[in-house]
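I am opening a notebook page on this model and will write down what I look up, entry by entry.

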Amino acid sequence: MAHIRTQVGIIGAGPAGLLLAHLLHKAGVDSVVLERQARPYIEARIRAGLLEQGSVDTLHDAGLADRLHREGLAHDGMQLRLAGRDCRIDLHGLTGKRVTIYGQQESVKDMVAARLATGRPLFFEASEVALHDIATTAPRITFTHEGAAHELRCDVIAGCDGFHGPSRAAMPAEVLRVYERVYPFAWLGILADAKPVSHELIYARHPDGFALATMRSETVSRLYLQCAPDEDPANWPDERIWEGLHARLGGVNEGRITQKGVTPMRSFVAEPMRHGRLFLAGDAAHIVPPTGAKGMNLAVADIRVLAPALLAFFARGDERLMDAYSATALRRIWKVQRFSWWMTAMLHNSNGNDPFEDRVQAAELAHVMDSEAAQRFLAEQYVGLPYDA
Ligand code: RFL
Ligand code: PHB
């Protein structure tokens, strides 16, 4: 067994793990990143698209935003649609902030390149990753890479391995409290070579179900339709998808569909986000339904709390920020959970299973469309709450 020594063992090369590795490196703290997948896989995985202004600023300050500034699409507003009526939410007018469309896999590419440029280890296709001795001051991670067994000895483990990773599962069941809601619907998402129908996002509530028109560039549309939670994408031939999108969004531009997938919807929080020397960040600790576009942004927000905490520990042996990490991160996480749940409830349809709820939620959306106070309430959360809230 080969032994490796580092200060922070980071499991997962998603936005959380890669950003943490980068911020630690800039401040002179060493880390080793272990990723289960191959590099081409994580660089092509289509996921989030919308960055809060605070996430953009965080990536900028970290020196990771050159291409994001060139290629990202800044949006000053977004559209809501109900019963054929459209309402523009003037995000910039209401908050002074804007959001940016930039595919998560593009951020991942930028961060992988930055990591590799440092020359510090990022192991792709690391298998059998297992955590040991997390409640001691000398935790270890064992893994297999290119057929050889390795042991990584560290001071701290950062569990940035997403919802299905081994980190959360390594916490003793008796210390972990899980809060969860699974929604009775999912999103069918497509990527199409088609000009976006609008230069801003359109969120629609419709009797047939929710739909969202977003984009990845001036020539690539990203479109979502509410579907059944266990939907087989094979039930959605291209013609049915376009029909659904036209009906719910009032017309979209068609083009070749290059990707099709179903995303289940859940709200999930695991507390606390720390046990001993293991710290969870991003989807490893919490999941939001995608309606509010908050998943990647929350991962960035967690790292904004975790990185300074680890730096204080390694610089001065000061554990106070590490001790406060879970409570500090969770204060913002629960507000963002509430926003994501609210947007999800307001925009989806029960398919006739709960007619009262459908009426109330349609009225909620109508109220937002009619009230400037309600629009401000939506906008300040959509562009991103301040990090110290
Ligand atoms: P990630 O990105 O899942 O990264 C975790 C990494 O850990 C690796 N891993 C392991 N590595 C080693 N050993 C193991 N045993 C491992 N198990 C897993 C994985 O391969 C992976 O590389 O988590 P992270 O870094 O916390 O980032 C979270 C975000 O990825 C996620 O919240 C967002 O994608 C959610 N999301 C959205 N978020 C937004 O902020 N705005 C959006 O517009 C938005 N839209 C979306 C979304 C997620 C979607 N899907 C498919 C879930 C739209 C969709 C359709
Ligand atoms: C996306 O561009 O994929 C996206 C945008 C906004 C959302 C969800 C997904 O609310």
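**Entry 1: charged pairs**

I began with Arg88, which counts as partly exposed at a relative accessibility of 39%. I note at the outset that this is a predicted model. The side chain of Arg88 meets that of Asp90 in a salt bridge, with 3.9 Å from N to O, and since the cut-off for such a pair is 4 Å, I count it as one. Asp90 is also partly exposed, with a relative accessible area of 34%.

I then asked how many salt bridges the structure holds. The count is 24, and I looked up several of them individually.

Asp76 pairs with Arg98, and the closest N and O atoms of this salt bridge are 2.6 Å apart. The two residues belong to distant parts of the chain, 22 residues apart: Asp76 sits in the loop between β5 (73-75) and β6 (78-82), while Arg98 sits in the loop between α5 (91-95) and β8 (99-101). I find Asp76 partly exposed at 29% relative accessibility, and Arg98 partly exposed at 33%.

Which parts of the chain does the pair of Arg85 and Asp370 tie together? The salt bridge itself has its closest N and O atoms 2.9 Å apart. Because Arg85 lies in strand β7 (residues 85-89) and Asp370 in helix α11 (residues 355-370), the pair ties together parts that are 285 residues apart in sequence. Arg85 is partly exposed, with a relative accessible area of 37%, whereas Asp370 is exposed, with 56%.

I also found a network of salt bridges, in which Arg67, Glu71, Glu106, Lys109 and Asp110 are linked.

**Entry 2: cysteines**

Next I checked for disulfides, and the count comes to zero. Cys154 is in no disulfide, the nearest cysteine sulfur being that of Cys160, 12 Å away; Cys160 is likewise in no disulfide, with the sulfur of Cys154 as its nearest. The cut-off explains the result, because a disulfide needs two cysteine sulfur atoms within 2.5 Å.

Are these cysteines buried or exposed? Cys154 is buried, with a relative accessible area of 1%, and Cys160 counts as buried at 6% relative accessibility.

**Entry 3: the surroundings of ligand 2**

I turned to ligand 2, which is surrounded by 13 residues, the closest being Tyr203, Thr214, Arg216, Tyr224 and Thr291. A polar side-chain atom of Tyr203 lies 2.7 Å from an oxygen atom of the ligand, and a polar side-chain atom of Arg216 lies 2.8 Å from an oxygen atom of ligand 2. For Pro290 the contact is made by the backbone, a polar atom of which is 3.1 Å from an oxygen atom of ligand 2.

How much of ligand 2 does the protein bury? Taken alone, ligand 2 exposes 280 Å², and the protein buries 96% of that. I recorded which elements give two or more residues to the shell around ligand 2, and these are β16 (211-215) and β17 (221-227).

Finally I sorted the residues of this shell by type, which gave seven nonpolar, three polar and three charged.

Key:
Residues are numbered from 1 along each chain as its sequence is written. Chains are lettered from A and ligands numbered from 1 in the order in which they are written. This is a predicted model: local features need pLDDT of at least 70, side-chain atom pairs count only at pLDDT 80 or more; totals for chains, interfaces and linings use all residues. Side-chain values use heavy atoms; hydrogens and water are left out. Buried means under 20% relative accessible area, exposed over 50%, partly exposed in between (1.4 Å probe, protein chains only). Helices (H or I, at least four residues) and strands (E, at least two) are DSSP runs, numbered from the N terminus. A residue is near a molecule or strand if one of its heavy atoms lies within 4 Å of it. A polar contact is a pair of N or O atoms within 3.5 Å; within protein, one must be able to donate a hydrogen and the other to accept it, and residues adjacent in sequence count only if both atoms are side-chain atoms. Accessible areas come from the Shrake-Rupley method with a 1.4 Å probe; for residues, only the protein chains shown count as cover. Ala, Val, Leu, Ile, Met, Phe, Trp, Tyr, Cys and Pro count as nonpolar, Asp, Glu, Lys and Arg as charged, and the others, Gly among them, as polar.
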